Amino acid sequence: MRYIDVEWKHDFNDEPTRLVSEIGSNDYETRKLEFFPDGSVGFAFESTESLNTRLGIDVVPPLEEINSQEEFMGKTISKEQFELLWQEYVPSSS
């Protein structure tokens with residue numbers, strides 16, 4: 001597994017400004033959090049989705065490729081950092 005935290009700079013009120021993903025060994029997302037300008041947070045895993053947040057259908061490119069697009073600024077985070085965010089924003093009943 002790898003974990004990334006990506007800031008998305010844009011002016012769309014209905015799109016997330018931060019995307020935090022857990023990525024499996026096959027380079028597909030396994031869990032995802034999306035942070036929106038209004039303060040709401042969507043999440044997705046397996047067959048569960050909230051606030052229209054969905055797992056990507058394509059492989060997640062390396063951070064270097066993501067960061068080569070000027071609207072994105074991503075970094076690697078630890079599993080522990082991801083888990084803390086997941087515990088904070090995903091209801092335990094999900």
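A: In this predicted model, Glu-22 lies in strand S2, which comprises residues 18–23. Glu-22 counts as buried because its relative accessibility is 5%, below the 20% limit for that class. Strand S2 as a whole is mostly covered, with five of its six residues buried.

The side chain of Glu-22 takes part in two listed polar contacts: one of 2.6 Å to the side chain of Thr-30, and one of 2.8 Å to the side chain of Arg-31. Leaving aside neighbours within four places in sequence, Glu-22 is in contact with Met-1, Arg-2, Tyr-3, Tyr-28, Glu-29, Thr-30, Arg-31, Phe-82 and Glu-83.

The strand pairing places these contacts in context. S2 runs antiparallel to S1, to which six bridges join it, and Tyr-3 stands opposite Glu-22. S2 also runs antiparallel to strand S3 (residues 29–35), again through six bridges; in this pairing Leu-19 stands opposite Glu-34. Five residues lie between the strands in the hairpin of S2 and S3, where Asp-27 adopts a positive phi near 70°.

Met-1, one of the contacts of Glu-22, belongs to the segment before strand S1 (2–8). Met-1 counts as exposed, because its relative accessibility is 62%. Apart from neighbours within four places in sequence, Met-1 is in contact with Glu-22, Ile-23, Gly-24 and Thr-30. Although Met-1 and Gly-24 are 23 residues apart along the chain, their C-alpha atoms are separated by 4.6 Å.

How values were computed:
Residues are numbered from 1 along each chain as its sequence is written. This is a predicted model: local features need pLDDT of at least 70, side-chain atom pairs count only at pLDDT 80 or more; totals for chains, interfaces and linings use all residues. Side-chain values use heavy atoms; hydrogens and water are left out. Helices (H or I, at least four residues) and strands (E, at least two) are DSSP runs, numbered from the N terminus. Buried means under 20% relative accessible area, exposed over 50%, partly exposed in between (1.4 Å probe, protein chains only). Contact means heavy atoms within 4.5 Å. A polar contact is a pair of N or O atoms within 3.5 Å; within protein, one must be able to donate a hydrogen and the other to accept it, and residues adjacent in sequence count only if both atoms are side-chain atoms. Two strands pair if DSSP finds at least two bridges between them.
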